[in-house]
Amino acid sequence: MESMVRVENVAHAFGEETVLKDIHLSIPKGEIFGLLGPSGAGKTTLVKVMVGILEVDQGEAWVKGVQMPSLEQMKVIGYMAQSDALYSELSARENLDFFGAVYELKPKERKERMKAVMDVVGLIDHMDKPVHKYSGGMKRRLSLAIALLHEPDVLILDEPTVGIDPMLRQSIWDELKSLQKKGTTIIVTTHVMDEAEKCDRLAMMRDGYLIATGTPQQLREQTNSETIEGAFLVYGGERE
């Protein structure tokens with residue numbers, strides 16, 4: 001199966017602290033792949049490597065056969081960071097219009113896509129509100145809309161549903177599943193166990209290491225656990 005995202009022998013340190021340690025991953029086209037682990041496990045650093053924001057000390061990351069970082073290849077990636085990269089003095093519409101221009105969408109297509117993505121995140125009635133008047137949850141939803149705007153081949157979402165109410169969280173996951181059916185490869189970082197269950201495969205991370213990879217069912221069966229949380233505790237050495 002075609003590998004959309006590949007990470008080989010990746011290690012990275014910030015000063016004295018090594019935050020990624022010998023990471024190997026291959027994510028095929030059309031998979032929803034979860035990176036599961038507590039804060040500080042290395043999830044955000046790893047996705048920044050995949051996106052091409054961060055150059056690694058060791059190893060290589062590839063997206064659609066192109067080694068990252070690559071400015072050109074970033075156009076096929078939709079990225080939602082953990083902290084919202086929004087222009088707070090502008091309205092949501094103006095933010096979307098700006099990012100649509102960055103992604104080189106033609107004006108007519110841009111207008112259609114702006115409406116479509118705001119519909120997905122339930123913000124269609126708040127298009128002209130300045131972003132500084134948005135709540136934290138609304139900003140997360142707008143960030144997701146921007147990541148979806150150019151219909152990327154690879155969608156990388158760092159804790160996408162933090163601060164979002166359960167009903168909307170479910171509708172976002174419904175949208176991710178429908179994008180998957182169209183062939184989009186989706187990578188999600190999370191520490192929420194029920195979201196981890198929704199992924200096709202998971203990589204569990206702890207202290208910069210990948211401690212296990214597999215489908216949620218495989219990970220539960222291999223550890224004789226009823227839940228993903230239980231499996232994580234076994235792989236992490238906290239439970240026999």
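Q: Does Thr-161 count as buried or exposed?
A: Thr-161 counts as buried, because its relative accessibility is 2%. Buried means under 20% relative accessible area, exposed over 50%, and partly exposed in between (1.4 Å probe, protein chains only). This is a predicted model: local features need pLDDT of at least 70, side-chain atom pairs count only at pLDDT 80 or more, and totals for chains, interfaces and linings use all residues. Residues are numbered from 1 along each chain as its sequence is written, and side-chain values use heavy atoms, with hydrogens and water left out.

Q: Which residues is Thr-161 in contact with, leaving aside neighbours within four places in sequence?
A: Contact means heavy atoms within 4.5 Å. By that rule, Thr-161 is in contact with Arg-169, Ile-172, Trp-173 and Glu-195.

Q: What joins the side chains of Thr-161 and Glu-195?
A: A polar contact is a pair of N or O atoms within 3.5 Å; within protein, one must be able to donate a hydrogen and the other to accept it, and residues adjacent in sequence count only if both atoms are side-chain atoms. Here the side chains of Thr-161 and Glu-195 are joined by one of 2.4 Å.

Q: How many aromatic pairs does the structure hold?
A: Rings of Phe, Tyr and Trp (its six-membered ring) pair if their centres lie within 6.5 Å; planes under 30 degrees apart count as stacked, over 60 as edge-to-face and the rest as tilted. The structure holds three such pairs. One of them, Tyr-87 with Phe-98, is edge-to-face, at 5.2 Å centre to centre and 80 degrees between the planes. Tyr-87, Phe-98 and Phe-99 form one aromatic cluster. Phe-99 is buried, with a relative accessible area of 16%, whereas Phe-98 counts as partly exposed at 36% relative accessibility.
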